[in-house]
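Hello,

Here is the structure I promised to pass on.

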Amino acid sequence: MDTDAITTLPAPLFRGAARHRRRRLLGALAAAGLLTACGTQSSSGVAAVPDEATSRPAGPTVSPDATAPTAPAACPDSGVLLRAAEADAAMGLRVQQIELVNCGTRAYTVSGHPSVQVLDEDLEPLEVTVSHGASAIATLDGFETATGPVRLKPGERAVARLAWRNLVTDVTRPAADGRYLKIAPNGGGADAQTVPDHVDLGTTGKLGVSAWARPTPDSPERPGARP
């Protein structure tokens, strides 16, 4: 067999084969470059197809320590929600507003004085004398006035006030430190709710409650002590 016939190519054919190999090499490099631009390159140098999860635009990140916004209080089955405002204090006298919100879909009527019970941190009732009005505690403008039934449409509210003194007059008895209020809007036990509150009665053991009324524009509370 003539080995020259196998290994030796005419010059035109050799140049054509070389150009063909160069075109194939350039095409392969271009394809590799395109894949590298669209994806990531592995350690072997071969472009990897981008993962669908990592190729999407990143959404907002949430820190694991981020505090979730507080959800609003749910409306009870009774359709009314009770809450206590912060007490105003002056020389040991406390005056606090209780608010009732009609969060339901029907009208709700309150009349007279709410029933209020002071509870300790274990939800046990404290020995407290609750009276209608504040005459045994202090002279307060409008505290003794009862306006009659208050009919609340959905979204409307009514307010009542509490009054007490933070005094220690008897060292032989422990000071009453209320942490919750159990409130029934119309007396008795119907629709009663327990709300967090701090009622620091000292050893006085007296709490005054006003009747329900429609809220008035906010004005500075100026309680006057009884002579």
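The largest nonpolar core has 24 residues, and Leu100, Leu162, Leu181 and Trp212 have the most contacts inside it. (A nonpolar core is a set of buried Ala, Val, Leu, Ile, Met, Phe, Trp, Tyr and Cys residues joined through side-chain atoms within 4.5 Å; buried means under 20% relative accessible area, exposed over 50%, partly exposed in between, with a 1.4 Å probe and protein chains only.) Strand 10 (residues 157-165) gives this core its largest share, four residues; strands are DSSP runs (E, at least two residues), numbered from the N terminus. A second, separate core of eight residues includes Leu93 and Phe143.

Please keep in mind that this is a predicted model: local features need pLDDT of at least 70, side-chain atom pairs count only at pLDDT 80 or more, and totals for chains, interfaces and linings use all residues. Residues are numbered from 1 along each chain as its sequence is written, and side-chain values use heavy atoms, with hydrogens and water left out.

Leucine 181 also stands opposite valine 195 in strand 12. Strand 11 (residues 176-184) pairs with strand 12 in the antiparallel sense over seven bridges (pairing takes at least two DSSP bridges between two strands).

There are five salt bridges in the whole structure, each a side-chain nitrogen of Lys or Arg within 4 Å of a carboxyl oxygen of Asp or Glu. One of them joins aspartate 200 and arginine 94 (3.0 Å, N to O). Aspartate 200 is in strand 12 and arginine 94 in strand 5 (residues 93-102), so this pair ties together parts 106 residues apart in sequence. Aspartate 200 counts as buried at 14% relative accessibility, and arginine 94 counts as buried at 15%.

Best wishes
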